[in-house]
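Student: I'd like to go through some side chains here, starting with the charged ones. Can you take me through them?

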Amino acid sequence: MHSPELRLRLVAMALLCCLANGQEDGEKSHSTSVAGMVDLLQVETQLIENLRSYADELEKKLQIARSFVADMTEENKKANSQTEHYLANPLNAFSLIRRMHQDWTHWQHYMEQPVGEAQVEYLKGKGELLPSSTDLEEAADSIHRIVGTYDLKVSDMVKGLLNGKQYNVSMNALDSYAMGKYHYDQQNFGYAAQWIFQVIDWLTPVHHNLPLPLDLDRSEVLHLYAETLIQMNRYGDALKVINSAITHRTDKVKLLLRKSEVETLIRTQPSIPPKSFLKRAVGPYERGCRGQYPIKSQLHCLYNSTNSPFLLLAPLKMELVGLDPYMVLYHDVISPSEILELQSLAAPSLKRATVFQHATGRNSVVKTRTSKVTWLPDTFNKLTARLNKRISDMTGFDLYGSEMLQMMNYGLGGHYDKHYDFFNSSTATDLTKLNGDRIATVLFYLSDVEQGGATVFPNIEKAVFPKKGAAIIWYNLKHDGDGDTRTLHAACPVLVGSKWVCNKWIRERQQLFRRPCLKV
């Protein structure tokens, strides 16, 4: 017979496996988690080795061919320098006949032999692991989210200048072209023009070159740029670009026809104003993400030793962030070794985060939340049990009936748009009738984030930036049990870094005598 603890652990492990397999294999959502992209990087390493093996096969065949060419060129030159004398020798004559009859037939067969078939099959076999068009679109959307939220210049971003800090990385013409195409398809022509212009600048003759299979047709790039300018009513500029594209193309019929159409637009619409470029409006959310909230707190820090008897022996460093709504930030509340263990537990089973939709009553993948998550049952192991006990000490709440620990990792521009954590018990009765609504949120920061990734509360203009080992706690409900709309919050896009968090949503039913005046 298995012990109850062992059975619980087995059930927990089975649950994690189900969560890991819950996402459809077709869409891996690669860009939504840095931890998830680690596997993609490993696949790229394997593909590079495969391409190196392919190049070695080609090089081997090339060396054999060049060796023969060198030998035969020397023999052929000797023969041509004194033709009759050379052919008069029976050994030379026989060798010529034999070579022309046998050797060149062998060379034909050798040249016809395919090279690198095994490597081609290997590459085909990895196809299902590669990002899909949806993945690329999500990645482009994430880059645009970063640009808009942090008011970055496209020209700076291409050069690796991110929010005033220069990084030893840049985007090549293919990267910028993919961004330009994305914005063009989204009919976001102002940004499309900026990205495509960077492609043209990158492709200047003295600047960079792309390997032949990946090379961009300069005339096609110019054509797309011209079409973008036309959509912005910049007909004169578009005409100049088309004329430039014509000089780079042999088949000019299509471009010449388009040139004639643009000339007609210029004649018939001479005074039409260009469409203005509209940047993202700046509101409380954007200002919070950029660290622009005013510093107006008169609160202080202290050692909390009153929430539980244990804290009398080991008080915790606590910073008061706000009293109404109640919000505190604990420092150094989880150790590096505990963080590493949590990340190791979570990484294999991370899947795309979802959001509950009241209209359908189901959880769905949405663009407003881009991260990967997994759940750790409270009794999964000693660490999860210990962490839940610590949460109880930090909050003074009873965790019976509360939700499991949720581990999250954010990827490229990972964010969670403005939302409430409470369900609103009057409309989401199925979610709250058993254990009540979410009275409080506990959010552990398990990594430092170099840039971005703040937790912002736009309605009260408070922002908390990730600090490894810290945890923020806030109350979601008022004393009468109604949701406190001032707790509207968001996770700002990660600009640079890998953001790991762990959160616990505490339900209200068990807090009847710990936080009185709640509805029952």
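Student: Is Asp 484 buried or exposed?
Tutor: This is a predicted model, so keep that in mind. Asp 484 has a relative accessible area of 3%. The cut-off for burial is under 20%, so Asp 484 is buried.

Student: Which residue does Asp 484 meet in a salt bridge?
Tutor: Opposite charges can pair up when the charged atoms of the side chains come close. Here the N to O distance is 2.9 Å. Asp 484 meets Arg 486.

Student: Which residues are linked with Glu 227 in a network of salt bridges?
Tutor: Glu 227 sits in helix H10 and Arg 258 in helix H12, 31 residues apart. Their side chains meet at 2.7 Å, N to O. Glu 227 is buried at 14%, and Arg 258 is buried at 19%. The network links Glu 227 with Arg 258 and Glu 261.

Student: How many residues apart are Glu 450 and Lys 165?
Tutor: These two form a salt bridge, with the closest N and O atoms 2.7 Å apart. Glu 450 is in the loop between strands S13 and S14, while Lys 165 is in strand S2. That pair links distant parts of the chain, 285 residues apart.

Student: Which side chain makes a polar contact with the side chain of Gln 451?
Tutor: Gln 451 lies in strand S14 and is buried at 11%. A polar atom of its side chain is 3.2 Å from the backbone oxygen of Leu 162. The side-chain partner, at 3.1 Å, is Asn 163.

Conventions. Residues are numbered from 1 along each chain as its sequence is written. This is a predicted model: local features need pLDDT of at least 70, side-chain atom pairs count only at pLDDT 80 or more; totals for chains, interfaces and linings use all residues. Side-chain values use heavy atoms; hydrogens and water are left out. Helices (H or I, at least four residues) and strands (E, at least two) are DSSP runs, numbered from the N terminus. Buried means under 20% relative accessible area, exposed over 50%, partly exposed in between (1.4 Å probe, protein chains only). A polar contact is a pair of N or O atoms within 3.5 Å; within protein, one must be able to donate a hydrogen and the other to accept it, and residues adjacent in sequence count only if both atoms are side-chain atoms. A salt bridge is a side-chain nitrogen of Lys or Arg within 4 Å of a carboxyl oxygen of Asp or Glu.
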